[in-house]
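Dear colleague,

I am handing over the structure we spoke about, and my notes follow directly below it. Please read them with the structure open beside you.

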Amino acid sequence: MSLDPRAEVAERLGLGEVPPPRFASPDDVRERLAKSDYLSDAAIASTTFLADRLAKPVLVEGPAGTGKTALAKAVAEAVGARLVRLQCYEGLDESKALYEWNYRKQLLRIQAGRTESGGAEEWRALEEDIFAEEFMLTRPLLEAITAEDPVVLLIDEVDRVELETEALLLEVLSEYQVSIPELGTVRARQVPMVFLTSNNTRELSEALKRRCLYLYVGYPSIERERDIILARVPGVSGALATRIAQVVRSLRELDLKKAPSVSETLDWARTLVVLGREEIGDEEAAATLHILLKYQSDIERATTELLGGRPRA
Amino acid sequence: MLSLLADFIGELRAAGIPVSMSEHVDAARACEVIDLADRDGLRTALAATLVKDGGHLPAFDAAFEVFFALREPPAPAEGEAGAELSGASGAGEGPGPGAGAGGGGALSAAEIAEMIFRALRDRDAGALRQGAGEAVSRYAGLEPGRPVGGTYYLYRTLRGLELEALAERLRQSLGGEGTALGARLARDEVTARLESLRREVERVIRERLVADRGSAALAKSVRKPLPEDVEVMHATREEMAQLERALRPLSRKLAVRLARRRRRRKRGPVDLRHTVRRSLSTGGVPLDLRFKPPRPAKPEIFVVADVSGSVASFARFTLHLVHAISSQFSKVRSFVFVDGLDEVTQLFEGVEDPAEAVARINAEADVIAFDGHSDYGRALAAFHERYARDLTTRSTVLILGDGRNNYHETHAEVVADLRRRAKAVYWLNPEPAAYWNSGDSVIAHYGAHCDRVVECRTLRQLEAFVGELA
């Protein structure tokens, strides 16, 4: 095969030397993420490893609250990088995602220039001057590209932007560069790690998907969920964590409007610890079920199915 | 490795997963940086580079299992390099592949049952694998060369293992607790462990089938259609559940797409008054054309669905989909029939989730007048008599059904009259077009009076049609 992809990207960006890989192996990813209190599984670890080695962004998809955003945060912490986050929403545009000219500052500069004697010569100098980087407001994408220190770029909920806006991201994702008409092309000074998350509310474009590695993060297995509880909730006993994971698994088996997410599971665990429960009986479950489930109909259903009783009023 | 990868990608494409050239290159590069002996690592590497849609993962897994699970060493070689790659420990695996039923060193039925019970109780993966291997040897009765996908063997093995008794023993050994919650959790735990047994048995069978027939041949028999390509009329229970799950995001996406399309049509027709007024500033020359704001006409939809046994699930899906995007229509009215007709629009009113309303149709709609066999003629005549006057030039009528009329009278003339009154009449038929007009199908009689008869065998076709409608 041809060149190492990392070397290829580095050469294109004119970095001089190929940056050292961030992770030695998928197991290394796993251990270092665990140190940042993020328990990964085989798929997460090896996709993260590949993202680094192939110098490609990762598109993370899955139900809400399964730790997609947390993964990017944990990776940033594990590699000692700053997290640059672009939160997507409908109506997001260039000026919020990439860069914007600082009009006020430009105006001030022009006014300041006018007090001196003006001339054609001077105006040309001024024009060059006001379209310099100094007068630019960098937004997350450009900030991640131009950063000198190591960064991890997180593009959160990318499915919320319109199809047209998605195209803005393509240049950054595949070339790690941004073209600014007045300034030319700004190339990245490093090969950043990029994570995109999506809740799958719409189909992303083929072009975007092709540029990314794909990672589906579903609900964790019962063992992993127990470990997550143990890692994230101080003061929880092993038996209680197992019990919590079991209840949550059974709930997810039911046909609910919204199955409990990992973050809701953690909330529940914290609540039980605060209440000083060591055991989950019917009473405790019925009293705290509303932390896990957010729809009244779901709560009623879970109460009848799991606790075999009438829901409390 | 590269040619194996190319074959594998060929199989993925055959299963309907779009894999582009650059993704192929990525996969090849990924293979260079990972440890190829680690099968799970290889799986995730290939999944990450080749599959870009969570819904395609089951199809990917099915293909992967066949292509890469199965480099089991021939006959008795244990612990060779090949076994590592396959991830299947050959330890104690009784008869070699292809040996079929019986074979050397077979354990008795009671011994196998005991072994599996212990493995499940102690969650011992190694013992479970061994037990599953023994069980397949004893019960499956593998016939070399038979072109099947293995479901039959799975069924035979599980039947031989007497799961009911096994579940009961497990329940007792795990010890249910007094509370209702405890009992329920114990029951779910047993189910989960039996599921792990089922998966293990499945894996063993697949391994032996590949050894028998080679991966390419087997891949074809185990190929799983993507959810959107499953034929609704012939879906298995499992596929049906998959379809139900696929429907919700699908309708959400469709609604988003349609709303966006509506918004994007920015101009209406030329606004003459405004243009003339603007032209005053340019000396009466209409340089600057002004347009009326767009007023997209939202169509009115009348859905008339056959809900008799054969096409019930198709009708449910269509009703669900149409109501899920009802904001794109000015009005949606739904009618269901078998040989009698009933309006069910009110069931959908004030319900958040159309699935709930669809579930209630069966219980609450009064659709059987005589014998419970579809009678399109009678039902359509009833629709015409009661509701035809509500149709306007903005109404679109969708008739759902296979047009199998059980040799009743067709009354095709009422469809002709519906079409005269409405903007359009479409017939959605879940049967493959090749079967139309065979046997008691009279679709051609009705089709002559419809604007179009659309073949809607899969969710993909249904989605495309509904998308055009709005």
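B:Tyr407 counts as exposed, because 11 other C-beta atoms lie within 10 Å and a residue is called exposed at 12 or fewer. This is a predicted model, and in it B:Tyr407 has a positive phi of about 60 degrees although it is not a glycine. The residue is found in the loop between β4 and α18 of chain B.

B:Asn406 belongs to the loop between β4 (395-400) and α18 (412-421) of chain B as well, and its phi, near 50 degrees, is likewise a positive value in a residue other than glycine. B:Asn406 has 14 C-beta neighbours inside 10 Å and therefore counts as partly exposed, since that class covers what falls between the limit of 12 or fewer for exposed residues and that of 20 or more for buried ones.

As for confidence, the pLDDT of chain B averages 78, and 87% of the residues score at least 70. Among the elements of that chain, helix α2 (residues 21-33) of chain B has the highest mean pLDDT, at 90, whereas helix α5 (residues 81-86) of chain B has the lowest, at 38. I would draw your eye to residues 72-104 of chain B, where the pLDDT is below 50, although this stretch has 61 contacts in the model beyond near neighbours in sequence. For the complex, the predictor gives an ipTM of 0.84 and a pTM of 0.74.

Turning to the contact between the chains, chain A contributes 35 residues and chain B contributes 32 residues. On the side of chain A that touches chain B, the elements that give two or more residues are α3 (42-54), α10 (206-211), β9 (213-216), α12 (238-253) and α14 (282-292) of chain A. Of these, α3(A) gives the most, with seven residues. By residue class, that side of chain A divides into 16 nonpolar, nine polar and ten charged residues.

Finally, there is the domain layout of chain A, which is divided into domain 1 (5-98 + 139-216), domain 2 (100-130) and domain 3 (222-303). Taken over C-alpha atoms, the centres of domain 2 of chain A and domain 3 of chain A are separated by 62 Å.

With best regards

How values were computed: Residues are numbered from 1 along each chain as its sequence is written. Chains are lettered from A and ligands numbered from 1 in the order in which they are written. This is a predicted model: local features need pLDDT of at least 70, side-chain atom pairs count only at pLDDT 80 or more; totals for chains, interfaces and linings use all residues. Domain bounds come from an automatic or database domain assignment. Two residues are in contact if their C-beta atoms, placed from the backbone, lie within 7 Å. Helices (H or I, at least four residues) and strands (E, at least two) are DSSP runs, numbered from the N terminus. Ala, Val, Leu, Ile, Met, Phe, Trp, Tyr, Cys and Pro count as nonpolar, Asp, Glu, Lys and Arg as charged, and the others, Gly among them, as polar. pLDDT is the predictor's confidence in each residue, from 0 to 100.
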